Amino acid sequence: MRPVLAATLLAAASAAHAAETVRIAMGERPEREVVIHGKGLQLGPDSEDGPFQPLDRDEVRIRHVGDSMEVEGQRVNGPVRFRTSDADHWIRAGTTDVRGEVVALPKGSKVLLVNVLPMEDYVAAVLGGEMPVSFPTEALKAQAVAARTYALQRKIEVLGQPVHLGSSVLAQVYGGVNRENPRTRAAAAATAGQILTFQLAPIEAYFHASCEGSTETGLDALSRDLPYLQSVACECRPGASTRWKADLDAAALERAFGGRGELRVAARTGTGRVRRLELGGRSLSGVEFRQRLGYDRVRSLAFDVSPTPGGGARLTGRGLGHGAGLSQWGAKEMADAGQDYRAILAHFYPGTELQTLY
Ligand SMILES: [Zn+2]
C-alpha cells in the first residue's frame, strides 16, 4: 500500500474515532434458516442510521427463499439489520450472544449473519478467545493491540465489503460476549485506539501461541514477506503443553499427497521448521501440508517425522501455531520479567510504531 493512501485511510479511520466498528461473519458457513433473539428487536436497512422500526416480538426467523430472504414470512430486498431497543442487551444470533447489531444477508442460497460491533467490544471478546485470561496484564495489552491492528488492517483491505473478518482460527477467534472477561475488557480499555503501524499503515499483526525459541519469518510461515515479520529470538520455553504428537495413518497421508509412500522432510526453513515434505515422489509445502491435515492435528511446522507400521507417520512437534509475529507465551515471559506491552510489541514486530487513532 502506498504511504499516502495509507495515511488517508488512517485519517479516515481516526475521524471515525470511538464509533469505529468492525463486521464479523458469524459461524463458519451460512444457514438456510436462522433465528435472531433480542429484547425489543428493531429492524432496519444495513446502515448505521436506519431508520429502524420496532418489531412486536423478541425473536424472528429468517429464511432464504427464492433469490432473497423472508423475515417472519415477509419478503425483504437485500440485507437487513437488527438492533435492540436497549443497548445494554445483547442479541442472540444462532447460538452466539453478541454486542452491537446483527446483519442478515443472502449468500448463495443461504443466509449469512454478520455482527457489526464497536472495535473495542470486538477486541475485548477476541482477547478471551485468543489468550488465556490468566496471562499477565502487559501480555494481554500487547495482544489487544495486535488484535485491534489485525482487525483494522483487514477492514481497510476489504473496505466496502459486507464482511471484514471471519470468527474462526483462520481470522481471530471470536465467540461473542461469552469470551469477554473483566481482565480482557481492562486490557482493551487500557490500550483503546492504539494500533501498530509501519510507514503509517496498520501492519498485518499476525500472532500465534508458542514459538519455542524463535519466531518464523512472515515469508516462510505465511508467504507474507514483510519487514516487520522477521525471525526474532523468544523467551517462551519448551513446556509440556506446547509439545505435541500426531499419528497420521496411510489413508490420511494418501488424501493429502494423492499417493502412498514414506513421509519425509525434504527441506527446512532457517528456523528449523518444515518447509517441504515428500511422499512417494510427490511434494507438498509445509504450509499446504498443515492446511490439508488440519491445524488441530499438525499444530506447528516444528516437527520431526518417523514412520509407523502400516505406512503411516508419527509427527513429534514443538510449539503451537504458524510462528510468525507475536508469540503469546513469549509475551507472557517478557511480561513476567517486568517488560511492558510496548517493549513486547517492539520485540515481536521490529521497526513498527505504536499510534493512537482515537
Ligand atoms: Zn515464543
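User: What makes R23 and D46 a salt bridge?

Analyst: This is a predicted model, and in it the closest N and O atoms of R23 and D46 are 2.8 Å apart; a salt bridge requires such atoms to lie within 4 Å, so the pair qualifies. Because R23 belongs to strand 1 (residues 21-25) while D46 sits in the loop between strand 3 (41-45) and strand 4 (53-54), the contact ties together parts that are 23 residues apart in sequence.

User: Why is R23 called buried, and why does D46 count as partly exposed?

Analyst: The relative accessibility of R23 is 11%, and buried means under 20%, so R23 counts as buried. For D46 the value is 27%, which falls between the limits of 20% and 50%, so D46 counts as partly exposed.

User: Which residues coordinate the zinc ion, and why is the arrangement called tetrahedral?

Analyst: The zinc ion is coordinated by C211 (SG), C234 (SG), C236 (SG) and S327 (OG), at 2.2 to 2.3 Å. The 4 donor atoms subtend angles of 105 to 119°, and four donors count as tetrahedral if all angles lie between 85 and 135 degrees, so the arrangement is tetrahedral.

Note on methods
Residues numbered from 1 in each chain as written. Predicted model: local features only at pLDDT ≥ 70, side-chain atom pairs only at ≥ 80, totals over all residues. Heavy atoms only, no water. Donors = N, O, S within 2.8 Å, 3.2 Å for Na, K, Ca; no water. Tetrahedral: all angles 85-135°; square planar, octahedral: opposite > 155°, others 65-115°. Salt bridge = Lys/Arg side-chain N within 4 Å of Asp/Glu carboxyl O. Helix = DSSP H or I, 4+ residues; strand = E, 2+ residues; numbered from the N terminus. Buried < 20%, exposed > 50% of the residue type's maximum accessible area, 1.4 Å probe, protein only.
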